[in-house]
Amino acid sequence: MNSKIGTTGEQRWVLGLTSIGSVVVALDVLVVAAALTTIRQDLGATVEQLEWTVNAYSLSFAMLLMTAAAIGDRWGRRRTFAAGLGLFTIASIACALAPSVPLLITARTVQGVGAAVVMPLSMSLLGAAFPPERRGWAIGIFSGLTGLAVLGGPMIGGAVTEGLAWQWIFWINVPIGAIAIPLLLAKIPESRGAVRQLDLRGAALITLAVLGIVWGVVRGAVAGWSSPEVLGSFVAGALLLLGFLAWENRAGQPMLPLRYFRSRAFSAGNAAGFFLTAALFGAVFFLAQFMQATFGSGPLKAGLQLLPWTATLFLVAPIAGRLVDKIGERPLVFTGLLLQAVGMFWISQASKGTVQYADLVPALIVAGCGVSLAMPATQSASIGSLPPEAVGMASGIYAMMRQLGGVVGVAVLAAVFAAAGGYESFETGFARALAVCGVLSLLGALAGLGIAVRRSTGVVVLEPAEELG
């Protein structure tokens, strides 16, 4: 069937411009991966500072997703989307001009705020522009391009860093934003959603709680796990998290409706997605550096050397998407994360002593096939386990949990790496960090066992405890 049948010019503008916005913010999640070694050498960054270069973006991205979606529904999705893309573009300029790591981290934090506005509003604008019978086609194109940006991040970042300079991984966002913003204001109609009360207190509590816990993990190996700074961070984070849960339980319109987590499939899908992304982001953070440190690869070659891992998504994920409808999510989540664990443990062992790149290729393929099987299934389990009217909120929660998983994964692996001697003992630290990736993947596989089983009819078997009430 011709994809343009029943699609207006206005709808194609919406699809094109929202996809552009999504691609640039998704690209910046991991585009710095292949440039980390160059940034470390250029700015004299420590491993702690490098992980904040990644995590500052992911943390602000995760924490403001739900609030940004509510703001867009209230103030106008097109207007809010344009403002978010503008903020992202300005922050990209600040990243490119940053003369020191602290300023780069600050600019990355602001970049994450802009990304948190762009991503959910992209989906909202698509949903408003396309009728239900065309929405799946539009979201399929949108999601495919976004996934391509995430997976291509290390390779694109490596090519730009090697061909120009690491600053250009941020400069390339500027002309895209400058062209896209006036076009979307001119071509996309304004739309609004149901006005929801902004849960600013909830957003502040969860942001500070996660920051406190992550700060403790990041600083543990440097300041000492029993130091007042680290213990104080953990205690403050835990107390703020309890405060957040108490507030969300009684708020009229909470940012994170806790009743959703009465669904075992929803909770299990989000937990599996959290651990999947924790292992994935943590591995990307170190693998690109490993290729450069061990094999002497340049940034571009390091990105290309990850292709046996990342390219599997294009081959396996479409098959996994079809299998979800036939056999259900649980087998795919469990098997996929088990394969990812095998791949990570394999890389951890193979990296000890003398290693050739060819020795790692089979392990990278196994890990890639695993994540490609599990990723669409975790999303399906999380979003498909709630009633249709809750799909938007469920999607936002799942996106937030995945970004949080990335933050925690990078922080935990970097702490393990630093405790093993850091860059002075790279091989040992890398092997231990990848072993932790394997453990995180196993935790995700175990979480996946909580997803409900489907009968042969394709109907999910719900237990009484799963009802939302």
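Start by selecting glutamate 248, which is buried but has no salt bridge. Buried here means under 20% relative accessible area, exposed means over 50%, and partly exposed covers what is in between (1.4 Å probe, protein chains only). A salt bridge needs a side-chain nitrogen of Lys or Arg within 4 Å of a carboxyl oxygen of Asp or Glu. For glutamate 248, the nearest side chain of opposite charge is arginine 201, 8.7 Å away.

The model on screen is predicted: local features need pLDDT of at least 70, side-chain atom pairs count only at pLDDT 80 or more, and totals for chains, interfaces and linings use all residues. Numbering runs from 1 along each chain as its sequence is written, and side-chain values use heavy atoms, with hydrogens and water left out.

Stay on glutamate 248 and show its surroundings. The residue lies in helix H10, residues 228-250. Helices (H or I, at least four residues) and strands (E, at least two) are DSSP runs numbered from the N terminus. Glutamate 248 touches Asp199, Gly202, Pro254, Met255, Leu256 and Leu258, leaving aside residues up to four places away in sequence. A contact, or touch, is heavy atoms within 4.5 Å.

**The charged pair**

How many salt bridges does a search of the whole structure find? The search finds 1. Select arginine 108 and aspartate 28: their side chains meet in a salt bridge at 3.8 Å, N to O. Arginine 108 is in helix H5 (residues 101-129) and aspartate 28 in helix H1 (residues 9-30), so the pair links distant parts of the chain, 80 residues apart. Arginine 108 counts as buried because its relative accessibility is 0%. Aspartate 28 is also buried, with a relative accessible area of 1%.

Next, select valine 32, in the loop between H1 and helix H2 (36-43). Among its contacts, not counting residues up to four places away in sequence, are Arg108 and Val54, together with Ile169 and Phe170. Valine 32 is buried, at 1% relative accessible area. Threonine 161 is 129 residues from valine 32 in sequence, with 9.1 Å between the two C-alpha atoms.

On a 1 Å grid over the protein atoms alone, a cavity is a set of points where a 1.4 Å probe fits but cannot get out; a pocket is an open set with protein on both sides within 12 Å along at least five of seven lines, and lining residues have an atom within 4 Å of a point. Grid points are joined across faces, edges and corners, and a volume is the space filled by probe spheres set on the points. The second largest cavity holds about 40 Å³ of space. H11 gives the largest share of its lining, 3 residues. The count of cavities of 30 Å³ or more is 3.

**The nonpolar core**

Now select Phe286, Leu287, Trp309 and Met400, the residues with the most contacts inside the largest nonpolar core, which has 133 residues. Such a core is a set of buried Ala, Val, Leu, Ile, Met, Phe, Trp, Tyr and Cys residues joined through side-chain atoms within 4.5 Å. Helix H11 (residues 264-295) gives the most to this core, with 17 residues. What does tryptophan 309 touch? Its contacts, beyond residues up to four places away in sequence, are Leu280, Ala283, Val284, Leu287, Met344, Leu364, Ala367 and Gly368.

**The second largest pocket**

Select Ile206, Val210, Leu241, Phe274 and Leu404. Of the 14 residues that line the second largest pocket, these are the closest to its centre. The volume of this pocket is about 280 Å³. Helix H9 (200-223), H10 and helix H17 (391-419) each supply at least two lining residues, and H9 gives the largest share, 5 residues.

**Two last stops**

In helix H17, select alanine 415. Alanine 415 counts as buried because its relative accessibility is 7%. Its C-alpha is 7.8 Å from that of arginine 219, 196 residues away in sequence.

Finally, go to proline 99, in the loop between helix H4 (77-97) and H5. Is proline 99 buried or exposed? Its relative accessibility is 61%, so proline 99 counts as exposed. Leucine 43 is 56 residues away in sequence, at 7.7 Å from C-alpha to C-alpha.

Conventions. Lys, Arg positive; Asp, Glu negative; His and termini not counted.
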